[in-house]
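Please keep the sequence and the model open while reading.

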Amino acid sequence: MPEPYDVITMGRIGVDLYPLDVGVPLARVETFGKFLGGSPTNVAVAAARLGRRTAVITRTGRDAFGDYLHQELQGFGVDDRWVTEVEEYPTPVTFCEIFPPDDFPLYFYRQPKAPDLEIHPPELDLDVVRDARIFWMTGTGLSAEPSRAATLAALRARSESARTESPAPEPRTATVFDLDWRPMFWDGGDHSSVAPARYREALAHATVAVGNIDECEIATGEREPHAAARALLAAGVELAVVKQGPKGVLAVHRDGSTADVPPLPVEVVNGLGAGDAFGGALCHGLLAGWDIARIMRYANAAGAIVASRIACSSAMPFPDEVERALAEGAVTEDIAAGPSGAGS
């Protein structure tokens with residue numbers, strides 16, 4: 001039997017076209033960099049950079065941008081065998097503007113429909129999903145059919161087998177729900193009447209929930225971090241991770257352990273992708289069996305490093321960079337520059 005993957009992610013993929021000019025409105029930008037994008041895809045890249053065996057379940061258009069995404073996944077060491085083509089729709093692209101330290105507008109081009117929302121339940125390799133040590137899905141995957149049905153089928157496969165099967169030689173570590181609230185992808189936007197119910201349905205099958213304050217409010221109706229964490233635990237997860245931006249991160253486990261970790265000092269260049277680096281590092285720490293305080297410190301450091309760089313996927317840190325940032329207590333200029341300066 002093949003060895004289970006450390007991390008399998010499922011959901012959004014696309015091409016990020018990010019300006020190489022900082023502090024310039026999009027209308028005046030002349031030079032862009034092209035990068036692999038999409039939050040769950042970036043999480044797989046981040047975990048692979050930390051030495052984990054990862055794969056992505058998603059779909060692209062049958063076009064040159066789709067070819068580029070396969071090329072990038074393979075270059076990052078992420079298994080792309082479950083990245084399939086959709087004839088009808090183009091591969092999505094995303095633009096951003098970069099106004100440090102905290103203004104990074106995103107412009108998604110995913111019309112008439114993104115291929116990653118065309119994942120059908122019969123196409124899933126549920127045995128591989130069941131066996132993965134960590135399965136990572138996102139709120140965006142619940143926003144439209146058939147992706148919603150496929151995402152819930154994957155979640156049910158993991159939760160049902162956990163209840164009925166004897167422990168495997170490599171036991172499952174976590175089923176992670178990245179709350180990933182993107183109102184523009186939902187009917188009704190910020191006022192979507194169906195999103196909270198879809199989130200609750202998915203939470204019942206997850207063991208870890210990760211989200212910022214706005215995302216926690218969609219999932220639970222709570223904005224106060226401790227109340228949101230308690231509500232996520234009540235919804236069924238074992239570990240609730242509430243990201244609070246400049247206030248750090250709160251993690252609360254069902255066993256009563258808690259970690260309230262401040263952010264690592266960093267000169268922010270582009271905050272986009274920091275959450276994905278956090279996610280990959282979270283997976284790495286869970287797989288290593290660390291206590292939640294250590295996991296949160298490590299994940300914070302990984303996120304801060306990416307925030308110091310323009311790109312997302314290619315900016316994901318290597319283990320030595322994260323350890324250096326933790327040892328120095330900040331993301332210094334040489335860490336931000338990366339091994340060859342290419343990340344900044």
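Predicted model: local features only at pLDDT ≥ 70, side-chain atom pairs only at ≥ 80, totals over all residues.

In what order do the four strands of the open sheet run, and is the pairing parallel, antiparallel or mixed? The order is E3-E2-E7-E8, and the pairing is mixed. E3 and strand E8, residues 106-109, are the edge strands, each of them pairing on one side only. On average, neighbouring strands of this sheet are turned by 25 degrees against each other, direction ignored.

Helix H2, formed by residues 64-76, packs on the sheet. Its contacts there are with E2, E3 and E7, and the direction of H2 makes about 70 degrees with that of E3.

Strands of a sheet pair through backbone hydrogen bonds, in either a parallel or an antiparallel sense. Both senses occur around strand E2, which covers residues 14-19: E2 pairs with E3 in the antiparallel sense and with E7 in the parallel sense.

The pairing of E2 with E3, residues 32-37, extends over six bridges. Within it, Gly14 stands opposite Gly37 of E3, and Val15 stands opposite Leu36 of E3.

On the E7 side, E2 pairs with residues 93-96 over three bridges. Here Leu17 has Phe95 of E7 as its bridge partner.

How many of the six residues of E2 are buried? Six of six are, and the strand is mostly covered. E2 is thus described by its place in the order, between E3 and E7, and by its burial.

Notes
Residues numbered from 1 in each chain as written. Heavy atoms only, no water. Buried < 20%, exposed > 50% of the residue type's maximum accessible area, 1.4 Å probe, protein only. Helix = DSSP H or I, 4+ residues; strand = E, 2+ residues; numbered from the N terminus. Pairing = 2+ DSSP bridges. Axes fitted to C-alpha atoms, helices over the stretch in contact; angles between N-to-C directions. Contact = heavy atoms within 4.5 Å.
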